[in-house]
Amino acid sequence: MVGRNHAIPAHVGIIMDGNRRWAKAHNAPTLKGHMAGQQALHRLTRYAFEHGVQYLSVYAFSTENWQRAEDEVGYLMRQVAAALARYTDEFVADGVRIIFLGVRDNLDAKVRHAIEAAEAKTAGNDKATLAVCFNYGGQQEIVDATKSLLASNIQAADITPEVFSEHLYSSDLPQIDLLIRTGGEQRLSNFMLWRAAYAELAFTDTLWPDFSEAEFAQILDDYAQRARRFGK
């Protein structure tokens, strides 16, 4: 299990996959799977921050998810607002900052307001950061960063990876150290492509609602044994 002598990744990214398959396996409606997934996120967020993770980024809703059934998309929109209403005060008490990465222009006004209110309420917290990728796509983030860079009138010779990073969404969010994907698939699915450049990868067949603190601890232990050379 995780101990204080282990190397803890500062920034963990999680692709939370498997809510719908979990619901099907339990003969439950798809929306029940998403609710179970939200509960799993609450558990894992608290566990991660209590064990030294400083940044936790999660893939909650991709730009491609709009293609899903209308009732499912509507539920996911309502769910994020309800979750923020339920948990924001807890994050304030725990010193956790909440930020959202993604495009907001086409979100419902109530969802945008809930996001902005949670970000404002937790802006001064500095113990840990929960970054929620919502209506997010890694390629779109890079495109938007490029547009921002061009608008800054910077000279081509002055563009470096460090300078480019300053134009990403929430530019103070560091590179991912450990990227976990649940649900058995082994791909990035357009998640934080720039920040995942040197991430250690961990894949598990466990569906997201069943992903436990014990399994997370085991992955952290495995991470601690890896040699990260960054090309050296």
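Colleague: Is the crossing in which H3 passes H4 left-handed or right-handed?

Modeller: H3 passes H4 in a left-handed crossing. A crossing gets that name if the near helix is turned anticlockwise from the far one by less than a right angle, and is right-handed if clockwise. This is a predicted model, in which local features need pLDDT of at least 70 and side-chain atom pairs count only at pLDDT 80 or more, while totals for chains, interfaces and linings use all residues. Residues are numbered from 1 along each chain as its sequence is written, and side-chain values use heavy atoms, with hydrogens and water left out.

Colleague: What makes H3 and H4 parallel or oblique to each other?

Modeller: H3 and helix H4 (residues 109-122) pack at about 15°, with 9 Å between their axes. Angles under 35 degrees count as roughly parallel, over 145 as roughly antiparallel, 65 to 115 as roughly perpendicular and the rest as oblique. H3 and H4 are therefore roughly parallel. The axes are lines fitted to C-alpha atoms, for helices over the stretch in contact, and the angle, from 0 to 180 degrees, is taken between N-to-C directions. Helices (H or I, at least four residues) and strands (E, at least two) are DSSP runs, numbered from the N terminus.

Colleague: Which residues in H3 and H4 meet?

Modeller: From H3 come Met-77, Val-80, Ala-81, Leu-84, Thr-88, Asp-89, Phe-91 and Val-92; from H4, Val-111, Ala-114, Ile-115, Ala-118, Lys-121 and Thr-122. Contact means heavy atoms within 4.5 Å. By class there are ten nonpolar, two polar and two charged residues. Ala, Val, Leu, Ile, Met, Phe, Trp, Tyr, Cys and Pro count as nonpolar, Asp, Glu, Lys and Arg as charged, and the others, Gly among them, as polar.

Colleague: How do you know how H2 is oriented to H3, and what is the angle?

Modeller: H2 and helix H3 (residues 70-94) pack at about 20°, their axes 11 Å apart. That angle makes H2 roughly parallel to H3. H2 passes H3 in a right-handed crossing. Contacts from H2 include Leu-31, His-34, Met-35 and Gln-38, and those from H3 include Tyr-75, Leu-76, Gln-79 and Ala-83. The contact residues of H2 with H3 divide into seven nonpolar, six polar and six charged.

Colleague: What is the place of Glu-213, and which residues does it touch?

Modeller: Glu-213 is in helix H7. Not counting residues up to four places away in sequence, Glu-213 touches Arg-43, Leu-44 and Tyr-47. The C-alpha atoms of Glu-213 and Ala-40 are separated by 9.3 Å, at 173 residues apart along the chain. Glu-213 has 27% relative accessibility, so it counts as partly exposed; buried means under 20% relative accessible area, exposed over 50%, and partly exposed in between (1.4 Å probe, protein chains only).

Colleague: What does Asp-210 count as, buried or exposed or partly exposed?

Modeller: At 41% relative accessibility, Asp-210 counts as partly exposed. Asp-210 is in the loop between S6 and H7.

Colleague: How do you know that the span of H2 agrees with its 21 residues?

Modeller: At 1.5 Å a residue, H2 should span 30 Å, and its end C-alpha atoms are 31 Å apart, which agrees. The expected span is 1.5 Å times one less than the number of residues. Just after H2, Gly-52 takes a positive phi of about 100°.

Colleague: Which residues in H7 are buried, and what do they pack against?

Modeller: In H7, Phe-216, Ala-217, Ile-219, Leu-220, Asp-221 and Tyr-223 are buried. The buried residues of H7 pack against strand S1 (11-15), H2, strand S5 (178-181) and strand S6 (200-203).

Colleague: What makes Met-192 buried or exposed?

Modeller: Its relative accessibility is 1%, so Met-192 counts as buried. Met-192 lies in the loop between S5 and S6, and its phi is near 45°, a positive value in a residue other than glycine. Asn-190 lies in the loop between S5 and S6 and has a positive phi of about 70° although it is not a glycine. Asn-190 is buried, with a relative accessible area of 14%.
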